[in-house]
Amino acid sequence: MLFFQPHLGLLKNKNISQQLISNGLKPSTPVAVIENGTRIDQRVVTGTIDQLSNLVERYQLKAPALIIVGDVVKLQTKLNWFKPLKERREPLNTASNELAD
């Protein structure tokens, strides 16, 4: 399950978690919030549905953000493809580096 409401998703996170639980999801269902996805300042915070509101508040998550719900969240460590620019080892512009050699 994926929630993308650039400004409303995080503001209504308590309502989202309550509705998911009242409609049958276990409070222990995994949840992830991806703030600023694919940008240099991307952050990923994980927990469970019943922790969603606390996670948003504790980490002061801001829009734009995606809220991802379900077992797919457990794959985060296996699918962790994103590396901010400051962590990349390869040069950004390989063509200009080849010209300098």
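**A residue-level reading of the predicted fold**

Thr 48 counts as buried because its relative accessibility is 18%, and the cut-off for that class is under 20%. The model in which this value was computed is a predicted one. Thr 48 belongs to strand β3, which spans residues 43–48. Apart from neighbours within four places in sequence, the contacts of Thr 48 are with Pro 27, Ser 28, Thr 29, Pro 30 and Val 31.

In soluble globular proteins, nonpolar side chains tend to be buried together.

The wider architecture can now be set out. The protein chain contains 4 helices and 4 strands, and from the N terminus on these elements follow the order β-α-α-β-β-α-β-α. Among contacts with a separation of 6 or more, 62% join residues 24 or more positions apart. Of the 101 residues in the protein chain, 31% are buried. The accessible surface amounts to about 7300 Å², and carbon and sulfur atoms contribute 53% of this area.

On that surface, Val 72, Leu 75 and Leu 79 form a nonpolar patch of about 260 Å². Leu 79 is located in the loop between β4 and α4. Leu 79 counts as exposed because its relative accessibility is 54%, where the class requires over 50%.

The confidence of the prediction remains to be considered. The mean pLDDT of the protein chain is 80, and 74% of the residues score at least 70. Among the elements, α3 has the highest mean pLDDT, at 94, whereas helix α4 (residues 94–100) has the lowest, at 44. The pLDDT is below 50 over residues 91–101, a stretch that has 2 contacts in the model beyond near neighbours in sequence. Where pLDDT is low, the predicted coordinates should not be read in detail.

Methods
Residues are numbered from 1 along each chain as its sequence is written. Side-chain values use heavy atoms; hydrogens and water are left out. Helices (H or I, at least four residues) and strands (E, at least two) are DSSP runs, numbered from the N terminus. Buried means under 20% relative accessible area, exposed over 50%, partly exposed in between (1.4 Å probe, protein chains only). Contact means heavy atoms within 4.5 Å. Accessible areas come from the Shrake-Rupley method with a 1.4 Å probe; for residues, only the protein chains shown count as cover. pLDDT is the predictor's confidence in each residue, from 0 to 100. Patches are made of residues with over 30% relative accessible area and no salt bridge: like charges are joined within 9 Å, nonpolar side chains (Val, Leu, Ile, Met, Phe, Trp, Tyr) within 5 Å. A salt bridge is a side-chain nitrogen of Lys or Arg within 4 Å of a carboxyl oxygen of Asp or Glu.
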